[in-house]
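User: I've got a structure loaded and want to talk through some of its side chains. Can you take a look with me?

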Amino acid sequence: GQIRFGTNWGGIYLYQLDEDTFYHYNHNPKDEGTVNDIDIWDLYVDDREVLWVGTDGGGVNWSHKVLNRFSTERNNPFDDHSLQLNDVHSFFETAEHLWVGVNGLGGISKLDKNSGKYFNYKFDQNEKYSLWDNTVYALTGDDNGSVWVGSYSGGISKLNQETNLFTQHLININNRTVIPSNYTSDLIAVDSFVYVGSGNGLWRINIHHNRWDHFPRVPTEYGFGDIINDLSVDKNGLIWCGSQEGLFSFDPHTYQFDSLGTELDSIRINHLTYENNRLLVSSSRGLYRVEEGQVQLVLRRSDGLLSDNVLGAVFDQRDRIWLMTNKGLNSYAPSGQIQSYFIGDGLQGNQYNVGAIYKGLEGRVYLGGLNGYSSFDPDDIYPFKNESHTLFESYELQKKDLNYTFSLIGLDQISLNY
């Protein structure tokens, strides 16, 4: 059990009986997620377990244990060890750190899981081995412990974690006649290679020899042209590419491309996730699933999604699917139940960046948007059981009030003979 105390000038204290421990919650002007006053006049927990807090000068605050399980990180201008900027596009997790790719000249924010502090990497024109571009759209790691960084205009950077130095890998091969694109949308490490989804098709770099290969699929007037938004690898080693023009696969052994011959060949693909022999395809026209070569349309707005424009999706441990849209977050259970979550539920916002969804090493889900990033353990999120209570105060017959000498409020049952 718990006992809560509201104090004068001291905020809220919570006593956890089974731990014999006090926890303190007070106003912090540098943190908008705290109670907004130090004088607490009243506390009330309703039947949905929402804690309502009456304050002296801050009005009414509220908190809910389910909503609090959505954790949101934002830049704190008063803290040099906070998230660098709020426009988050990518994630990569190791045992000790969470790497966060930030747009808007933000570079990379590396979260130390033990201390809870961020170390920020940015481009420095006076430092030869700094990050080469501050608009980071993609992150991954290889078996050597290096962190690979894909940017909007600076190509590829690789961080050696032992020396803490970056080296640059521009997409350029001996001034060949192709027009390379330094815009990188996604990176995946497979064996001795890092595959690069770019604004100019699919590339591959050998991490041992620094040798680039370019795999053109469709020649165009301006080069080789697929604009790839996301990459994923399946159990057979096929590299799946989600592009502005559709979904296709690449066989790294035969160097051949293939498509499925369905509507997925010609619509915009935002994000791909492969897990348990299933490829989740987030597209501008809903969520699809590819399994054993068969394509199934899983969800659209007409089925209960917030929007047809699905920006990214992942499975959780209970086989639910979590979907980012441009209007909020949805979860989809194997039973068919769909839930919606919004900024009012504790998330960073209702809009997310394309592909900025990531499932961490222990199943935690990370979502990036324009207002920072949110994360949660899916096992902690469950639907409200909102039981309505009917209260009779009066009723009428043929638009005429029926007057009684007793109150209707205390009655458990009313029998009507009409």
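User: Let's start with Leu299: does it count as buried or exposed, and at what relative accessibility?

Analyst: Keep in mind that this is a predicted model. Leu299 lies in strand 29, which covers residues 294–299. Buried means under 20% relative accessible area. Leu299 falls under that cut-off, so it counts as buried, with a relative accessibility of 3%.

User: On to the rings. How many aromatic pairs does a search of the whole structure find?

Analyst: Ring pairs also link Phe215, Phe248, Phe250, Tyr255 and Phe257 into a cluster. For the whole structure, the search comes up with 24 aromatic pairs.

User: What kind of aromatic pair do Phe91 and Tyr373 form?

Analyst: The ring centres of Phe91 and Tyr373 are 5.4 Å apart, with 75° between the planes. Planes over 60 degrees apart count as edge-to-face. So the Phe91 and Tyr373 pair is edge-to-face.

User: Where in the chain do the two partners sit, and how many residues apart are they?

Analyst: Phe91 is buried at 5% relative accessible area, and Tyr373 is buried too, at 2%. Phe91 belongs to strand 8 (residues 88–93) and Tyr373 to strand 36 (residues 372–376). The pair links distant parts of the chain, 282 residues apart.

User: Why is the pair of Trp322 and Tyr341 called tilted?

Analyst: Trp322 is in strand 31 (residues 321–325) and Tyr341 in strand 33 (residues 338–341), and both residues are buried. Their ring centres are 5.7 Å apart. Stacked needs planes under 30 degrees apart and edge-to-face over 60, with the rest tilted. The pair is tilted because its planes are at 35°.

User: Which ring does the charged end of Arg278 sit over?

Analyst: Elsewhere, Arg204 lies over the face of Phe193, at 4.0 Å from the ring centre. The charged end of Arg278 is 4.0 Å from the centre of its ring, and that ring belongs to Phe315.

Key
Residues are numbered from 1 along each chain as its sequence is written. This is a predicted model: local features need pLDDT of at least 70, side-chain atom pairs count only at pLDDT 80 or more; totals for chains, interfaces and linings use all residues. Side-chain values use heavy atoms; hydrogens and water are left out. Rings of Phe, Tyr and Trp (its six-membered ring) pair if their centres lie within 6.5 Å; planes under 30 degrees apart count as stacked, over 60 as edge-to-face and the rest as tilted. Helices (H or I, at least four residues) and strands (E, at least two) are DSSP runs, numbered from the N terminus. Buried means under 20% relative accessible area, exposed over 50%, partly exposed in between (1.4 Å probe, protein chains only). A charge sits over a ring if NZ of Lys or CZ of Arg is within 6 Å of the ring centre and within 35 degrees of the ring normal.
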